[in-house]
Amino acid sequence: MATVVRLTRMGRKKRPFYRVVVTDSRKRRDSGWIESIGYYNPMVEPEVININEERLAYWKSVGAKLSDRVAQITKK
């Protein structure tokens with residue numbers, strides 16, 4: 001199974017926030033996920049990024065790929 005760390009959209013219309021989740025790469029964006037490892041809220045000033053670094057490192061070590069956006073927000 002190919003796993004990927006990506007964002008899943010939550011919130012209401014025009015006020016999104018995102019969960020950072022580990023999921024099977026073949027599933028849709030908002031379908032079931034394996035584990036939720038944090039959240040990202042770009043709508044507040046400053047942006048809120050809360051990711052469990054220990055779990056992110058674990059999933060990367062077992063071969064999970066990061067989506068482009070997750071890779072970008074974890075660099076900050």
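Two residues are in contact when heavy atoms of theirs lie within 4.5 Å. Keep that in mind as you look through these views of a predicted model.

**View 1. Glu35 and the residues around it.**
Let us start with Glu35, which sits in strand 3. Which residues does Glu35 touch, if we leave aside its neighbours within four places in sequence? The contacts of Glu35 are Val20, Val21, Val22, Arg55 and Trp59. With Trp59 there is also a polar contact: the two side chains are joined at 2.7 Å.

**View 2. The whole chain, from end to end.**
Reading from the N terminus, the elements follow the order β-β-β-β-α-β-α. The C-alpha trace spans about 35 × 25 × 20 Å along its principal axes. How does the radius of gyration of the chain compare with that of a compact globule? For 76 residues a compact globule would have a value near 11 Å, and the chain has 12 Å, so the two agree. Of the 76 residues, 32% count as buried. The chain exposes about 5300 Å², and carbon and sulfur atoms supply 48% of that area. Among contacts between residues at least 6 apart in sequence, 31% join residues at least 24 apart.

Strand 1 (residues 3-12) and strand 2 run antiparallel and are joined by 10 bridges. Within this pair, Thr8 stands opposite Arg19 of strand 2. Strand 2 also runs antiparallel to strand 3, with 5 bridges between them. There, Val20 faces Gly38 of strand 3 as its opposite residue.

**View 3. The hairpin from strand 3 to strand 4.**
Next, follow the chain out of strand 3. A hairpin of 6 residues connects strand 3 to strand 4. Strand 4 covers residues 48-51, and its antiparallel pairing with strand 3 is made over 4 bridges. Tyr39 has Asn50 in strand 4 as its bridge partner. Pro46 lies in the loop between these two strands. Is the peptide bond from Glu45 to Pro46 cis or trans? This bond is cis, with omega near -5°. Most peptide bonds are trans.

**View 4. Val5, a buried residue of strand 1.**
Zoom in on Val5, which has its place in strand 1. Val5 has a relative accessible area of 0%, so it counts as buried. Not counting residues up to four places away in sequence, Val5 touches several others, including Val20, Ile37, Leu56, Trp59, Leu66 and Val70. For a sense of scale, the C-alpha atoms of Val5 and Glu45 are separated by 25 Å, and these residues are 40 apart along the chain.

Lys14 belongs to the loop between strand 1 and strand 2. Is Lys14 buried or exposed? With 68% relative accessibility, Lys14 counts as exposed, because the cut-off for that word is over 50%. Its phi is positive, about 65°, although Lys14 is not a glycine. Most residues other than glycine have a negative phi. Asp24 is placed in strand 2 (residues 15-24). Asp24 has 9% relative accessibility and therefore counts as buried, the limit being under 20%. Its side chain makes a polar contact of 2.9 Å with the side chain of Arg26.

Conventions. Residues numbered from 1 in each chain as written. Predicted model: local features only at pLDDT ≥ 70, side-chain atom pairs only at ≥ 80, totals over all residues. Heavy atoms only, no water. Buried < 20%, exposed > 50% of the residue type's maximum accessible area, 1.4 Å probe, protein only. Polar contact = N/O pair within 3.5 Å; in protein donor to acceptor, adjacent residues only side chain to side chain. Pairing = 2+ DSSP bridges. Rg over C-alpha atoms; globule rule 2.2 N^0.38 Å. Areas by Shrake-Rupley, 256 points an atom, 1.4 Å probe, with all protein chains shown as cover.
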